[in-house]
Amino acid sequence: MNTPLSALRRILCIGGGPAGLYFGLLMKRRYPDLQVTVVERNRPFDTFGWGVVFSDQTLQNLKRADPESAQQMADAFNHWDDIEVFYKDHSVRSTGHGFIGIGRKRLLNILQERCLALGVDLVFETDVTDDQALAQQYNADLVIASDGLNSRIRTRYEATYRPDIDTRKCRFVWLGTKKTFDAFTFAFEQTEHGWFQAHAYKFDDQTSTFIVETPEDVWQAHGIEQMSQEDGVAFCERLFAKYLDGNPLISNAKHLRGSANWIRFPRVICQTWVHWQDVAGKQTPIVLMGDAAHTAHFSIGSGTKLALEDAIDLADEFSGAAGRSESMAEVLQGYEARRSVEVLKIQNAARNSTEWFENVDRYTGMDIQQFAYSLLTRSQRISHENLRLRDPQWLEGYEAWLEAHNPHAPPLRVSLPPEGADPAWGGPAPDRAARHPTPPMLLPLTVRGLTLKNRIVVSPMAQYSATDGVAGDWHLVHLGARALGGAALVMVEMTSPTPEGRITPGCTGLWNYAQEVALRRIVDFVHSSSSARIGIQLGHSGAKGSTQLGWEQIDEPLPSPGGRPDSSPNWPLLSASAVPYGPQNQVPRAMTRADMDAMTAAFVESTRRAAAAGFDWLELHCAHGYLLSAFICPLTNQRTDDYGGSLENRCRYPLEVFSAVRAAWPADQPMSVRISAHDWAPGGNTPDDAVAIARLFKAAGCDVIDVSSGQTTRQARPVYGRMYQTPFADRVRNEAGILTMAVGAITEADHANSIIGAGRADLCAVARAHLADPAWTLHEAAKLQTRAIDWPRPYESGRDQIYREIARQQSLQAAQASPGETA
Ligand SMILES: Cc1cc2nc3c(=O)[nH]c(=O)nc-3n(C[C@H](O)[C@H](O)[C@H](O)COP(=O)(O)OP(=O)(O)OC[C@H]3O[C@@H](n4cnc5c(N)ncnc54)[C@H](O)[C@@H]3O)c2cc1C
Ligand SMILES: Cc1cc2nc3c(=O)[nH]c(=O)nc-3n(C[C@H](O)[C@H](O)[C@H](O)COP(=O)(O)O)c2cc1C
């Protein structure tokens with residue numbers, strides 16, 4: 001395994017698809033003395049599939065790696081800029097997307113010819129059944145497993161590679177047609193059993209790819225599984241006839257029988273990419289590349305790009321290591337480390353895109369405008385501002401449409417200070433282009449009798465700065481500053497209805513008059529000096545109570561002074577079941593019926609106090625493993641009574657509390673419920689459960705589900721990333737039909753605009769970014785140079801300066817369009 005690089009003489013690539021051919025030619029180009037062989041089971045001109053799509057960006061990478069083949073590809077590419085979406089007899093077309101398409105056969109032939117020109121040995125019509133025997137035959141020092149999606153080599157060494165294969169929900173068939181589409185076309189057709197979609201694009205002068213896709217149950221309901229291949233194709237022709245202008249759909253998978261040409265996409269991830277095998281006494285690395293290592297759903301158009309970029313990166317690792325006397329193992333480790341991160345990013349985006357197409361019916365309540373916007377931004381990689389760069393006119397038209405069709409607009413535009421407001425409350429910002437429509441995140445939202453001036457919420461954040469549960473000056477300044485900072489709603493941290501329900505001794509409470517008065521002072525400031533509204537989150541810590549301040553050992557019990565157990569400051573805990581949060585945490589006592597009644601009464605009492613303090617919004621905290629969340633989560637609820645077992649039973653007590661609180665809270669004021677939409681742990685709640693939970697709270701009168709996730713068990717393994725919880729908010733909103741608040745790694749206006757624009761959520765809660773910048777919303781709006789936001793009057797000269805400064809910076813930076821991704 002410490003083989004020096006100088007020992008690399010012979011490379012064997014098993015599988016002559018884009019990955020194997022391209023790696024072969026790149027290595028031969030850089031190291032002409034190497035002997036490189038690519039072994040392929042097909043003949044040179046045989047191939048499955050039709051065309052593939054790249055972005056313009058991919059072509060740049062190829063030009064750098066091998067200008068000769070890149071030029072040939074560039075000559076063969078069909079370039080187009082438009083995406084057109086057909087849905088419910090309407091269509092929407094936008095431009096600036098920058099795609100290139102090429103026939104797969106043409107691509108392979110270019111790579112094959114280039115291989116031959118450089119001296120790579122191409123061996124066709126050889127189906128490799130034993131890679132070790134072949135490695136021995138060629139005396140290979142490096143074997144590349146580029147044998148595609150169903151890689152035999154990956155299966156053989158699966159103990160090393162540890163592949164994770166997720167077979168997705170839709171069936172799809174890859175067809176072609178002589179109808180030449182002049183835009184990347186997405187066509188949606190509804191049948192009596194559900195939705196079908198076609199992804200179509202031209203890849204040469206006479207031919208287009210035409211992929212038809214539908215969820216497995218819809219496919220089954222139409223009996224396609226029992227059809228012959230011809231009948232299945234004829235079914236698609238009838239369904240999509242209006243797009244085909246009489247041209248037939250053509251299959252080139254004639255070797256497959258019946259419906260075998262319809263497959264379910266397997267998403268492949270491998271834990272490791274390099275297997276070392278003793279081949280005739282020589283430790284030989286067998287390295288995954290391309291689809292054998294990973295797949296990304298075709299709707300993101302990146303499979304071939306990833307395969308080619310794997311090849312480029314491994315070749316680059318070799319070139320980079322040459323001067324550093326690294327071993328072969330180090331080079332391969334570098335390749336795996338670099339590529340797995342890149343692939344993970346693309347797979348995250350591909351997952352969002354795959355799920356969008358698997359759940360088209362979730363979005364079919366939308367008008368075509370929003371449906372198309374949701375489709376274009378489905379991967380969360382293409383954002384609002386990316387769309388502006390691509391097609392500013394279309395985007396502005398969409399913003400205007402959204403503003404005109406805002407279903408939650410107040411009866412009158414909110415631009416007046418709230419009644420009794422201090423004269424310091426200011427007016428709108430200057431606007432470079434006052435005619436521009438309001439960005440989605442600054443559209444008002446009316447819920448019950450309350451109008452929020454925009455869609456940004458300061459997420460509840462514990463400050464650990466209260467004394468005996470009483471909010472102090474810190475809270476006044478902290479919350480007051482954020483109320484002046486442009487957000488529409490400022491939430492007070494989780495506040496407990498009982499002393500024992502606090503997470504830490506520094507957490508706020510609302511069980512006595514002193515606490516109510518202290519909070520009223522803050523509410524009064526917000527109401528009198530800002531145009532923001534203020535809400536409070538009520539919650540009981542349950543098994544996660546009696547722990548240290550956030551900046552100490554978070555979630556761990558309070559230390560005893562001098563380490564003496566008899567002087568422990570910890571207080572006893574209550575939860576759904578006697579399940580401790582961690583090995584150091586106390587075992588809580590499972591609540592009895594009497595405990596439940598007393599707790600409900602305490603929540604109601606706090607609610608009355610919150611109303612008396614003047615709060616505009618109330619949120620019930622049913623997330624993050626605290627008391628009510630511990631009932632909902634199956635990992636922390638082991639009850640055998642009416643409050644444990646099924647999801648309905650687990651939600652019963654939180655719903656009892658919700659109903660009691662709702663009854664005590666003013667009828668014209670909104671209530672939200674924060675849930676953990678995903679426990680991120682085996683046996684825990686999943687986003688499917690989140691939809692069911694949301695439906696139950698909706699039926700009980702909840703207005704908004706605040707969709708968070710995790711923190712219910714220490715076993716959780718969340719997958720983080722920008723806006724990582726937003727897909728759950730999207731699901732809940734569009735399946736349960738309730739307003740949602742998205743939260744989690746929303747850090748830019750661009751994120752919030754995309755979320756609101758696509759109808760993934762109705763509000764965006766921003767937490768940590770608000771710790772760094774109390775005026776996050778004002779500053780993000782200044783970057784957009786929009787006037788649809790009000791500044792406090794004493795800050796107006798600061799406003800004018802920042803608008804000018806940003807305008808100056810923006811005019812210096814030439815707006816660089818970055819088109820080039822399909823999703
Ligand atoms: C419907 C559909 C649409 C797609 N659209 C796009 C798109 O628009 N853009 C895009 O970038 N990608 C697209 N892809 C994905 C793309 O085709 C693959 O990601 C890409 O081809 C991967 O390249 P590869 O070299 O790793 O694997 P492959 O192209 O699968 O090549 C593997 C090669 O290994 C050979 N082989 C396998 N086993 C053996 C063996 N035992 N012995 C010898 N030879 C063997 C195979 O014959 C094959 O030639 C699409 C895929 C599908 C299914
Ligand atoms: C310091 C801090 C305290 C928090 N306290 C609470 C809280 O009291 N209630 C709650 O529901 N979430 C709380 N959270 C979680 C945030 O509200 C938010 O969900 C999370 O930080 C993700 O959003 P972000 O990526 O914008 O930070 C807290 C987060 C931080 C950073």
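Because the model is predicted, local features need pLDDT of at least 70 and side-chain atom pairs count only at pLDDT 80 or more, while totals for chains, interfaces and linings use all residues. Residues are numbered from 1 along each chain as its sequence is written, chains are lettered from A and ligands numbered from 1 in the order in which they are written, and side-chain values use heavy atoms, with hydrogens and water left out. Helices (H or I, at least four residues) and strands (E, at least two) are DSSP runs, numbered from the N terminus. Two strands pair if DSSP finds at least two bridges between them.

- S16 is joined by 6 bridges to strand S17 (residues 282-288), and the two run antiparallel.
- Within S17, Ile 286 stands opposite His 275.

**The three-stranded sheet**

- Another open sheet has 3 strands in the order S3-S7-S4, with antiparallel pairing.
- S3 and strand S4 (78-80) stand at its edges, and each has a single partner strand, so one side of each is left without a neighbour in the sheet.
- Its neighbouring strands are turned by 25 degrees against each other on average, direction ignored.
- Between S4 and strand S7 (residues 99-103) there are 3 bridges in the antiparallel sense, and the bridge partner of Asn 78 in S7 is Gly 101.
- Helix H4 (residues 104-118) lies across S3 and S7 and runs at about 80 degrees to S7.

**Strand S10 and its partners**

- Strand S10 (residues 163-177) pairs with strand S15 (residues 263-270) in the antiparallel sense over 7 bridges; here Ile 165 stands opposite Val 268 in S15.
- S10 is also joined by 8 bridges to strand S13 (residues 208-215), again antiparallel, and Cys 170 has Pro 215 in S13 as its bridge partner.
- With strand S14 (residues 249-250), S10 forms 2 bridges in the antiparallel sense; Leu 249 in S14 is the bridge partner of Thr 177.

**The surroundings of ligand 1**

- Ligand 1 is surrounded by 32 residues, of which Glu 40, Val 53, Arg 104, Asp 291 and Thr 304 are the closest; a residue is near a molecule or strand if one of its heavy atoms lies within 4 Å of it.
- Polar contacts are pairs of N or O atoms within 3.5 Å; within protein, one must be able to donate a hydrogen and the other to accept it, and residues adjacent in sequence count only if both atoms are side-chain atoms.
- A polar side-chain atom of Asp 127 lies 3.2 Å from a nitrogen atom of ligand 1.
- An N or O atom in the side chain of Asp 291 is 2.8 Å from an oxygen atom of ligand 1, and a backbone N or O atom of Gly 303 lies 3.4 Å from an oxygen atom of the ligand.
- Taken alone, ligand 1 exposes 990 Å², of which the protein buries 94%; accessible areas come from the Shrake-Rupley method with a 1.4 Å probe, and for residues only the protein chains shown count as cover.
- H1, strand S3 (51-55), S10 and helix H11 (303-322) are the elements that give two or more residues to this shell, and H11 gives the most, with 4 residues.

**The surroundings of ligand 2**

- Among the 15 residues around ligand 2, those that come nearest are Ser 459, Ala 462, Gln 537, Ala 745 and Arg 768.
- A polar side-chain atom of Ser 459 lies 2.7 Å from an oxygen atom of ligand 2.
- A polar backbone atom of Pro 460 is 2.8 Å from an oxygen atom of ligand 2, and a backbone N or O atom of Ala 767 lies 2.9 Å from an oxygen atom of the ligand.
- Ligand 2 taken alone exposes 600 Å², and the protein buries 82% of that.

Methods: Axes fitted to C-alpha atoms, helices over the stretch in contact; angles between N-to-C directions. Contact = heavy atoms within 4.5 Å.
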